[in-house]
Amino acid sequence: MKYLKKAKLIENTVITDDCRRLKLECPEIAAEAAPGQFVQVRTWDENGPLLSRPISIAGVSNDRKHIELWVRIVGKGTKAICSAGVGDEVTLTGPLGNGFKRPEAGELIYTAGGSLGAAPLRFFAQRFCGCGDLKCVCGAATACDMSIFDDPVIKSTGAVLTTDDGTMGKKGFVTDALNELLDEKAPDRIIACGPHAMLKAVAAIAAERRIKCEVSLDTYMSCGIGACMGCAVPMSAEYGKPYAHACTDGPVFDSKMIDWEAF
Amino acid sequence: MNKPDLSVKIGNLTLKNPVLVSSGTFGYGWEFSDFYDVGMLGGIVTKAITPLPRPGNPPPRTIETPAGLLNAIGLENCGLEAFIKEKLPFLGGLDTAVIVNVAGAGEDDYDKVVSELADNKDVDAFEINISCPNVKEGGIEFGTSPASASRLIGKLRKKTKKTIIAKLSPNVTDPSEIAIAVEDAGSDAISMVNTFRGMAIDAETGRPVLGNVTGGLSGPAIKPLALYQIYRVSLKVKTPIIGMGGITSAADAIEFVYAGAAAVSVGTANLVNPAAAKEILDGMEEYCIRKEISNIGDIIGKAH
C-alpha cells in the first residue's frame with residue numbers, strides 16, 4: 001500500500017554544509033517501508049517548485065513511527081525541503097519502489113555507499129542487522145563529507161571509510177576499498193548506492209568477479225508511482241524490454257540487467 | 001443549497017462530473033487507486049494506446065522547468081493486446097467514464113485500435129491523439145493540417161458509435177481551423193491543449209537535456225496560454241471542449257470553464273500530488289455551492 005500523508009518534521013539536523021538529516025513522523029509509511037524504497041517529498045504549494053523530490057529512506061525508528069531521510073541540497077526543491085522547520089508539515093508519498101532483496105541466513109553481503117548513497121544501505125544494515133553477515137565500505141570526496149557516516153548504525157557495522165583525497169579514512173575511492181575486501185573473500189552479494197560513476201564502476205567490478213550485485217539508482221523522476229513513464233532506465237538484452245522504470249521496477253536493480261553504456 | 005449538478009454531456013456520453021485526468025499523467029488508473037477511489041472522477045483518459053507496444057524515447061525523458069515540466073516520453077505503452085487483457089478490466093470495473101487515448105503512425109494504426117475497441121463495453125469514448133509533439137509517428141501530422149485531421153476523424157467516425165474526442169495541438173497558428181475541421185468530420189468533442197513544444201539545454205555541457213532533444217511543456221507555466229486558446233476556439237465551435245493545460249487547483253479548473261470548457265482535465269498536477277484530481281473535483285463542488293451555481297453548465301464560456 002502506498003500512502004499520501006502530511007508528516008510532521010520532528011528533527012532537522014545539519015550533517016554538513018549542504019546535507020540534512022530529517023526525522024519525520026509518519027507511522028503508515030514507517031510501518032511498511034523496506035530498505036531501498038523511497039518517498040516523494042514536498043514542502044511547497046503551487047508557489048514552490050513543481051514536482052515532489054524522490055528521497056531514499058535512510059531508516060525507521062524502532063517504534064516504527066518515524067522515518068529518517070538524508071537530503072543534500074542540490075536545487076530549489078531540496079533547498080526547500082532542507083529549510084523546513086521542526087513542527088512543519090511535509091507531504092510524503094510512499095513507501096515507493098522495490099528495495100533490496102532480504103538477506104538469506106548466513107549470506108555474506110558487502111555494501112558500498114558513496115556519500116549520501118549510504119542512506120538506503122544504512123536502512124538495510126539497521127533492518128537486517130543479525131541476518132546475514134554484513135561488511136560495509138562508505139566513501140566520500142573529502143573529510144568535510146565524512147560526518148555523513150557519523151551515525152550509530154553505520155558505526156555499528158564497522159564500515160571501512162574512504163575519502164577521495166585522503167583527508168580522512170583510507171585514501172582512494174570506495175571501489176578501491178571494495179576491491180580490497182573482495183580480494184580477501186568473495187561475498188554472496190554486493191549492494192551499492194551512490195553517484196552514477198561509482199555505481200557503474202561497482203557494476204563492472206561485480207561483473208568481472210561474477211558476483212551478484214544490486215544497485216539503487218537515481219534518475220530524473222516525476223510521479224514516482226509508475227504513471228508517467230518518465231524515469232526510464234536503459235536495460236540489457238537479458239532484461240527483455242529496452243527500458244525499465246526506476247520508480248516501480250527499481251530503484252534497486254540487478255546491476256547486470258542495466259545497459260551501462262546507454263545509461 | 002443542494003448539491004450542484006456537475007454532470008456534463010459530451011457526445012452521447014454523460015460524465016457524472018467535469019473532472020477528467022489527462023492521458024499520460026494517470027497511467028492506466030490503478031496506479032492512483034491507493035490514494036483515493038478513482039471511480040469518483042468524471043472520467044479517466046488512458047495512456048496513449050498504439051496497436052503494438054512502444055518502448056518510448058531514450059532518457060532523460062523529463063525535466064522540471066520553472067513552473068513547468070518538459071517531457072518526451074515517446075508514447076511508451078503496452079500496446080492494444082496487453083491493454084485489453086491487463087489494463088482494461090480494472091478500468092471497466094470503475095463507476096467512471098473510460099476514455100481510451102489512441103495514437104498511431106498512420107491512419108491504419110488509429111483505425112486498428114478504434115475498430116478493435118468499438119464494441120468493447122468497458123470503453124466509453126476515444127480521445128484521438130493528433131498532437132503528440134514527441135514522436136514522429138505521434139499523430140502530429142494530422143494535428144497540424146485541417147485536411148488530414150478531417151480525413152482521419154471522418155474515417156474513425158464510421159468505425160464507432162462511441163464518443164470521439166479529438167485532442168488538438170497548441171503548436172499551430174490557429175487551432176480554430178483544426179477544431180472546425182474535426183467538428184465537421186464528426187468529432188463529438190475537442191480536448192485541448194496538448195503540450196507546447198519546447199526544449200532545455202544544460203549550460204554546463206551545452207547539450208540538450210532530453211534524450212529526444214525536444215519535448216512538450218506542461219504544468220502551471222502553460223495555463224494562461226491554454227486558457228487563451230480555449231477561449232478563442234470556443235467562440236468558433238459548438239462541440240464541447242475539454243480544457244486542460246496547467247490545471248493545479250479548483251480555481252484553475254473553474255477558470256477553464258469560464259473560458260469555454262465544458263469539462264476539464266488534470267494532467268501534470270497528478271504527477272505532483274496523486275490526489276490532485278480528487279481535490280480539484282471537491283473544490284469545484286464547493287465553489288458551485290459557495291457561488292450558488294446549481295448547474296456547472298450555466299457558467300461555461302461566461303467569460304466571453
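The model is predicted: local features need pLDDT of at least 70 and side-chain atom pairs pLDDT 80 or more, while totals for chains, interfaces and linings use all residues. Residues are numbered from 1 along each chain as written, chains are lettered from A and ligands numbered from 1 in written order, and side-chain values use heavy atoms, without hydrogens or water.

Start at the interface. Here 35 residues of chain B are in contact with 27 residues of chain A (heavy atoms within 4.5 Å). The buried area is about 2600 Å², and carbon and sulfur atoms give 65% of that. Buried area is the accessible area (1.4 Å probe) lost when the two parts are put together, summed over both.

Two salt bridges link the chains (a side-chain nitrogen of Lys or Arg within 4 Å of a carboxyl oxygen of Asp or Glu). B:Glu64 and A:Arg53 form a salt bridge, at 2.8 Å from N to O. On chain B, strand 5 (62–65), strand 6 (68–71) and helix 8 (268–272) each supply at least two residues of the side touching chain A. Helices (H or I, at least four residues) and strands (E, at least two) are DSSP runs, numbered from the N terminus.

Now turn to helix 1 of chain B, residues 79–92. This helix bends by about 40° at B:Lys85, with B:Pro89 following within four residues. The bend is the angle between axes fitted to the seven residues ending there and the seven starting there. Among the buried residues of helix 1 are B:Phe83, B:Lys87 and B:Leu91 (under 20% relative accessible area, 1.4 Å probe, protein chains only). The helix's buried residues pack against strand 4 (43–45), strand 7 (97–102) and helix 2 (107–117) of chain B.

Note on methods: Buried means under 20% relative accessible area, exposed over 50%, partly exposed in between (1.4 Å probe, protein chains only).
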